[in-house]
Amino acid sequence: MNGPINDLEETRLYQLLVDREDREEKLSEKVKLIVRHIAPLLARIPEKMPEYTLHDATHSIKVIRIMGKIIPEETLEKLNSIELTLLIISGYLHDIGMTCSTEEREMIIESKEFEQIVKLDSRYEEYLNYKKTDHREATFIEDSIFTEYLRKNHVKRSAEFIERLLIDGKFELSIDDIPLYKYVVAICNGHGEPVKSLYNTKIWPRDKLIKGEYVNIQYLTIILRLADILDLDPERTPKVIFEFVNPKNTVSIQEWQKHRSFIGWDIKPNNVVVEAECNFPEVERTLRLFLQWIELERRESIELLRGYTDSISQKYTLLLTEPITADRVTSDGSYIYSEVKFELDYKKVINLLMGERLYRNPITALRELLQNAIDAIKARQYLYLNRFENFIPTVSIKYSGNKLIIEDNGIGMSDNIFADYFLQVGKSYYSTARFRETDLGITSEFGIGILSAFMIADSMVIESLNEPEDRFSPPLPIYYKIPTAHGYCVKKPSNRETVGTRIELILKENHPFTNQSIIEVVEKIIPHPPFPIEITTDDGSVTYNQDPKEDKLVRFEDHVDTGFFHEKKFRRNNNFSHYVFEIDSNELLKLGIEGQLYIVNGSEYLNFEGRLFGSVSQRNFQIGSPNHSKESFEILPTKNIQDLFPKWTNVYSNINLIEQGCLTITPDRTEVLLDDKYQQLKKKIERLIISEFRKHLNSYMDSHSFDEYCGYVDSLIDIGFIGAPTKTRTISEEAKEFFFDIIYFPTIDFNGGILRKQGKDLNEYRYLGVIDRNWSKDYLPKLADYAFKENLHIIVLSEFSKKINSDIANLISQLYGTSERFLLTDITLVSPVSGIHIKVYDKERIHKIIDDYDIASRITSSLNNGEKEILCVPSDRGRFYHRFNKSHPLIRPLFNNDEYKNEEADDLLQELCDEFDSIMSNSVDKMDNFDLEWLKILKRGNHVEIAKGVFIRIPEVFKEFNRELVSFWGKLVNMDLVDESVQMPQIDVWDFPWYFNSQLNYLDN
């Protein structure tokens, strides 16, 4: 404990005190007693504030030394013992409020006050997350907040400590029973106040008479302030301690390195010279700003003292006549310091924020003004929660000619709110402490929307009266005219007596509103108004009710005649007609969604693609891209908004995202961002739709027969309530599981007949066959026997109970594929029924189909018996095109695995397809056209029917095919796709489907 005392005894101030004190007073002994007690406490400051530069006893002794340097000699000689004592004690106690025992720290952290401070901190959400996942990071944030709490409150805490310590007892500081602690408190309080506060001589007197001695508390406070701020040297941040503390906070790092950059300093009564060398430009910039702050302190202190011309001012002087500069602050050579930085062109930024490049459509200016009005009302509603007054929210819109007025009875604005928030781009009044802990559901998220008003207005007038925080000191109403976004506001007196805000726009000549359109625009931009909106035009007034419009839709089960859905009139209307069920609104609320969501049908049937009908809003306002014409105004959902819903069904939406359901949106509210919140909500919506679908179908099954249930599900697919999206998309694994459970596919029973099998049962098998055309139940016995021998489960699409669309094949492909690919039908089986081809899905084969019309991985008559590969079969492509077998020895040379070897190989196959088409076409034209049955077949243009027995009826076809294949092989050799030493495979009629060479009559099977 002797170290601090030895340091103290060596200071000029203490030596002067010993010389001047009354031997009976022994103030110097009292000072040493207090210092012995205080020094260990100061050493504990780093325990609770590890990231702050040192405020221990070493700092205190330096402050006292600096006091002795900056006080002119003539003033030092005139200071009395009481003044010297107060300077020394304040040098030790001005930071004592930064000390805190472990017990006190725990009490503070557990207090309601600190809990509120943590909640108001910008890192609060991060802190809560870390408490669950990373205790160390959570503790770091808590310590950081606590450190800042001590720093902000240390002056008050110091005062409380000083009073407790020095008022009486062993450490009582007094002279002839006259207490001195209150003057120590005043001096220490003053070091936390701006210099201008020291002009108050009632608190900081210049000539306080204490036992016959005049004491200048104001002067002593100025000296403490200057000495404290001038403790610059790197000993305040010793390297070993800096590395031990390893501060993480950016401000703390710059503060520590700022002190460590000093390499020389000279403090004299006349001037202060600082030499510093910095290793990073931000440190140098921080140091320069710090020196500017010191210079401001010096200048204001000099101005305060020179303001007095009495005898007191002659005694208490402060020289420091030379400005404190950063002239000797330099780089260590690792960088070149400059003040160059990004500068914003104010007018261009304002033009951007109020222009169509950000907001795209001038109509949205009205939306921004309505958002502000509704937010203001929500804020006032919050203030009235615990009041007896009945608050009835109102919003009104008045339009006439070139004027548009939006008025609300919300929280209103005072002068300070108007200047500090309304006019400050990017700042929100609702993020202040008054509302930080509320969940107002504020719509305005960016603080830039008001500028969009200038898209439609030349000028605006704002008149407002703020809801008072203190009823006994209410704010005055305000009235401002804003002639332009680039200029100054004009303030005028206001007589407004009602709380709320009135904004009047003087519209541009080309503004987009009419008496009728403004009503339509309001209804579109805010489908879910939380309060009534009164709209007044020259045509009269209407009230847009806050109750959401209940859409009266027709339920599908109530519509018996399904033929309507196949009429061209419906197919062309690009809309829906019926709904299956409505999603449970209580379940939607759990996701942060209010409103209505229906499962509906779509009019598209060739390529199913789930669609979003209706609207999606967030915090009452619709999200989407405005589309304005002379005839109408609408807001169209963007792709991201549409993709929020699963593509395997159609939905009609009249929903509003609230609370946890809210997404990240662009400033113009046209689009949502594809972040984690979006992805999570998308998954939750799909899961809810699947869950509700299961409930609906389970209920239907419970009250209907199995056949009726199957017919109902068939109809849902047939009429477009559910289906597989186009081949650019895949469906989720959860949706697959749902489809597997609800669909019972019509399959060929091994014992004959058609048997409905659940999708998940079929998913157990490697192979799955599909017959999609040319079907008759007369084929069943032969095909059942064939399916049994092949152990192949075959779905017959035409056995679905309705006029099911061809897209069911795409649904099967997606269901039995993987999330990375479609399971395309790469195997074609030529069945024992002439003209019946079975498309086979192989779940274990990962492949890439190049052209599903022209190429198959295999074409054969059996999966199991190693049958000969068939060269080709009639294609679904039309005309007389064929689908070729990639595994046939003639075709195999074109490929490396699933890829064409080159573009020439692709072209060569297309050439072969065209030649086969030409051969068939020319041959058919040469046939005897007097056969009426044959003419009927030709008229239908069915390639499979025409091909039955073609080699028998037109023997030239096979010969022409063979000649073309010889030519094809020669081209393979010439293109180096086949070595010239390889012999061409022998081709006979059995390289083609058996029915090509059948003696069957073309009407037989």
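Leaving aside neighbours within four places in sequence, A947 is in contact with P874, Y995 and F996. This is a predicted model. A947 sits in helix α34, residues 943-947. Is A947 buried or exposed? Its relative accessibility is 0%, under the 20% limit, so A947 counts as buried. F880 is another residue to look at here: its C-alpha atom and that of A947 are separated by 9.2 Å. Along the chain, A947 and F880 are 67 residues apart.

**Two helix pairs**

Take helix α26 (residues 676-703) and helix α28 (residues 733-742). Their axes come within 10 Å. The crossing angle is roughly 10 degrees. That value is under 35 degrees, so α26 is roughly parallel to α28. From α26, the contact uses E686, R687, I690, F693, R694 and L697. From α28, E734, A735, E737, F738, D741 and I742 take part. Sorted by class, the contact of α26 with α28 has 6 nonpolar and 6 charged residues, with no polar ones.

Now take helix α8 (residues 102-109) and helix α11 (residues 135-166). Here the axes come within 12 Å and cross at roughly 105 degrees. The angle falls in the range 65 to 115 degrees, and therefore α8 and α11 are roughly perpendicular to each other. On the α8 side, E104, R105, I108 and I109 make the contact. On the α11 side, E142, D143, F146, Y149 and R157 meet them. By class, the contact of α8 with α11 has 4 nonpolar and 5 charged residues, and no polar residue.

**A strand with two partners**

Strand β8 (residues 395-400) pairs with strand β9 (residues 403-408) through 6 bridges. How do β8 and β9 run, parallel or antiparallel? They run antiparallel. One of the bridges pairs S400 with K403 in β9. The two strands form a hairpin, with 2 residues between them. In that turn, G401 has a positive phi of about 65 degrees.

β8 also pairs with strand β14 (residues 533-537). This time 4 bridges join the strands, and β8 and β14 run parallel. V395 has I533 as its bridge partner in β14. In a regular strand, side chains alternate between the two faces of the sheet.

Most residues other than glycine have a negative phi. Which residue in the loop between β3 (208-210) and β4 (213-215) is of interest here? It is K211. Phi of K211 is positive, near 50 degrees. N620 also has a positive phi, near 85 degrees. N620 is found in the loop between β19 (612-618) and β20 (621-622).

| Residue | Relative accessible area | State |
|---|---|---|
| K211 | 38% | partly exposed |
| N620 | 6% | buried |
| C188 | 2% | buried |
| C710 | 4% | buried |

N620, at 6%, is under 20% and so counts as buried.

**Cysteines**

C188 is buried at 2% relative accessibility. C710 is buried too, with a relative accessible area of 4%. How many disulfides does the model contain? The count comes to 0, with a pair of cysteine sulfur atoms within 2.5 Å as the criterion.

Notes:
Residues are numbered from 1 along each chain as its sequence is written. This is a predicted model: local features need pLDDT of at least 70, side-chain atom pairs count only at pLDDT 80 or more; totals for chains, interfaces and linings use all residues. Side-chain values use heavy atoms; hydrogens and water are left out. Axes are lines fitted to C-alpha atoms, for helices over the stretch in contact, and angles run from 0 to 180 degrees between N-to-C directions. Angles under 35 degrees count as roughly parallel, over 145 as roughly antiparallel, 65 to 115 as roughly perpendicular and the rest as oblique. Contact means heavy atoms within 4.5 Å. Ala, Val, Leu, Ile, Met, Phe, Trp, Tyr, Cys and Pro count as nonpolar, Asp, Glu, Lys and Arg as charged, and the others, Gly among them, as polar. Buried means under 20% relative accessible area, exposed over 50%, partly exposed in between (1.4 Å probe, protein chains only). Two strands pair if DSSP finds at least two bridges between them.
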